[in-house]
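I opened this notebook page to keep track of what I looked up in one structure, going from the whole chain down to single residues.

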Amino acid sequence: MPKSRLLNSILSIWCAVVLGSSFALAQSAEPQPLPLPAPVILPKDTPYLGTLRLNVDATDVERHIFSVRETIPVRAGESMVLLYPQWAPGYHSPTGRVDELAGLMISANGVRVPWMRDPVDVFAFHVNVPAGASALDVNFQFTSPVDTPEGRIVMTPAMLNLQWLAVALYPAGYFARQIMVEASVRLPQGWEFATAWETAASNGAITAFKPVSFDTLADSPIFAGRFFKRLDLDPGGSIPVHLDIVADRAGLLEVKPEQLEAHRALVQQAYKLYGSHHYDHYDLLLALTDEIGGIGLEHHRSSENATVPTYFTEWDKNADTRDLLPHEYTHSWNGKFRRPADLWTPNFNVPMRNSLLWVYEGQTQYWGFVLAARAGLLTKQQALDAIAGTAALYDHRVGREWRALQDTTNDPIIAMRRPLPWRSWERSEDYYSEGQLMWLDADTLIREQSESRRSLDDFAKAFFGVNDGSFVPSTYTFEDVVKALNNVQPYDWATFLRTRLDGHGLGAPLDGITRGGYKLVYTDTPSNYFKDSEVRRKVTDLTCSIGMIIGAENKLSDVLWEGPAYKTGLTVGTQIITVNGIAFDADRLKSTIEDANKTGGAIELLVKNRNRFRTVKIDYHDGLRYPHLEREGSSPARLDQILTPRN
Ligand SMILES: [Zn+2]
């Protein structure tokens, strides 16, 4: 031990003693804390003593119950801890559903073995293995939500989404990659399924999978369903990529040739961008449903995606859903393969830290839209309209005044995606979309500085494209990001990033739009992209005019902090009853907003909040305002270049 460290440790013991004695001196009759129990053993990088066997029965689709039988090899007489996964990769938060684990019964050699939940870490179960036992037989149910307030629904009589981390306990003390597991699943008769996990054997409804590490188990979810279709997205390619679709009804599975072409182009455009792949095969799992809860969750060799049932059949109405697959696919490179060093954890119960989510999610959000445009999943106009919407939204939100973008990376842990009363002030996971604007800023800056010779494409290839074919995670730090940017284009990238991440300035970062050859403008007419998104979300979005969004039952689903509606005291949940004395109608409210602009008339709303009625007058006279990007002729159309397919 070096001298200074030795001195420090002596000092800290001494300080503890002194502090302890001063506490002792000051001790009063009031309560003193009991010592905490020993923490659960930390994982080590050594192999577990044997292979776990995991059998899941997923046939109880009426009651949404997964029944689990697990055999865990053990040493006789040892005290051990079994963990239920708390930190599932991709969620960035400790949201494992241990509350849905029920019926836990453990036995050895046919004799019941008691378990005791840790009083501090409630995801940990202490077990004393009896003498003579070589394995524990573990039985429990994962009682998945049957109604939306309980959480995301993952099972219906037509389809299911099996995430293995929800249905597995594993021994504490080992890296997940050092624990081998073999598993099988029983699915409803006649259902088809897709997963990146390779099948070992199939016996009617039961499918057994090849042994893998617990890490790979977590990375290999299953989508299964009564109505199923599998499409080859890279015909003739050496690395298989498939789109595996389950749907609520058979008719939703109809895919037009041009739709298939755009999804195939996504694969080719990603290869051109990254110059690599980090899988030996890949499955885009896609659920078309309004019964299973929405999801976009990344894995190395697959992704879980649930979207609108009419994704294909009403293609023209659903443009705002089409960055989902490019986003989750991009994560195979950005997030799964290249992973922030503080986010990578050795098992699923060690806390994750999210300081670099503005790369992991922010740049993925950026490439999600760019790749969607390059592949033809979005037209150039739709992509421009999407960027306009994001820019306008973040330009109107003032939460940056107190909370820097960097701090929002803690939000998955703080808020866990619960609804917020003041979304625009409290801020949420803003590192996604404000991060997207920041990367547009960086991309156009590289293009400007290099006189169009280089771009963020070069960063993507250099940073995410290394070690082609590998899917062993490669971790990085802030300094690595700065260094890689500097290798593409010398610049003070550390200051560039820190200014945008830590700053409290007013307004969204819009330099990327300006340098891209456009400006953000507002007109009284929404783009088709905006309008279709309103229809799909069943809302009337007046954020940029009177500062509110009206949702189901004419209730406000968002009120913009410091906006015109906010100034009258309106809140989320308030119902609009009348507009200027006449029953509420979204079009009537819009024409009233226009009249207030042209004639200076009032916008008077009778509103109801719980059982209280009142009238509010919104003092607003700037008319309807919807965001668009308008070409600014004097600067090069770099944004057009960014959105153009690569050859
Ligand atoms: Zn993501």
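**Entry 1, the model and the whole chain.** I note before anything else that this is a predicted model. I looked up the secondary structure and found that the chain comes to 18 helices and 32 strands. The radius of gyration is 27 Å, close to the 26 Å that the globule rule gives for 647 residues, so I record the chain as being as compact as a globular protein of that length. Along the principal axes, the C-alpha atoms fill a box of roughly 90 × 75 × 60 Å.

I then asked how much of the chain is buried, and the answer is 55% of the 647 residues. Turning to contacts between residues at least 6 apart in sequence, I found that 73% of them join residues at least 24 apart. The chain exposes about 27900 Å², and carbon and sulfur atoms supply 54% of that area. For the charges, I looked up the mean positions of the 64 positive and the 77 negative ones, and these lie 1 Å apart.

Which residues coordinate the zinc ion? I find His327 and His331, each through NE2, together with Glu361 through OE, at 2.0 to 2.1 Å. Along the chain, the donors of the zinc ion follow the spacing H-x3-H-x29-E. I placed His331 in the loop between helix 4 (324-330) and strand 22 (338-340), and Glu361 in the loop between helix 5 (357-360) and helix 6 (362-375), so the pair ties together parts that are 30 residues apart in sequence. I also checked accessibility at this site: His331 is buried, with a relative accessible area of 0%, and Glu361 counts as buried as well, at 1%.

I looked up two residues that have a positive phi although they are not glycines: His64, at about 60°, and Glu451, at about 50°. His64 has its place in the loop between strand 1 (52-60) and strand 2 (65-73), whereas Glu451 lies in the loop between helix 10 (433-449) and helix 11 (456-464). Are these residues buried or exposed? His64 is buried, with a relative accessible area of 8%, while Glu451 is exposed, with 61%.

I looked up Glu594 next and found it in helix 17 (residues 586-598), where its relative accessible area of 12% puts it under the 20% cut-off, so I list Glu594 as buried. Leaving out residues up to four places away in sequence, Glu594 touches Asp524, Gly623 and Leu624. I also took a distance from Glu594 to Ile245, which is 349 residues away along the chain, and their C-alpha atoms are separated by 44 Å.

Ser545 is found in the loop between strand 25 (540-542) and strand 26 (548-550), and at 6% relative accessibility Ser545 counts as buried. With residues up to four places away in sequence again not counted, Ser545 touches Pro564, Ile593, Tyr620, Gly623, Leu624 and Arg625.

Definitions and conventions. Residues numbered from 1 in each chain as written. Predicted model: local features only at pLDDT ≥ 70, side-chain atom pairs only at ≥ 80, totals over all residues. Heavy atoms only, no water. Donors = N, O, S within 2.8 Å, 3.2 Å for Na, K, Ca; no water. Helix = DSSP H or I, 4+ residues; strand = E, 2+ residues; numbered from the N terminus. Buried < 20%, exposed > 50% of the residue type's maximum accessible area, 1.4 Å probe, protein only. Rg over C-alpha atoms; globule rule 2.2 N^0.38 Å. Contact = heavy atoms within 4.5 Å. Areas by Shrake-Rupley, 256 points an atom, 1.4 Å probe, with all protein chains shown as cover. Lys, Arg positive; Asp, Glu negative; His and termini not counted. Charge placed at Lys NZ, Arg CZ, Asp CG, Glu CD.
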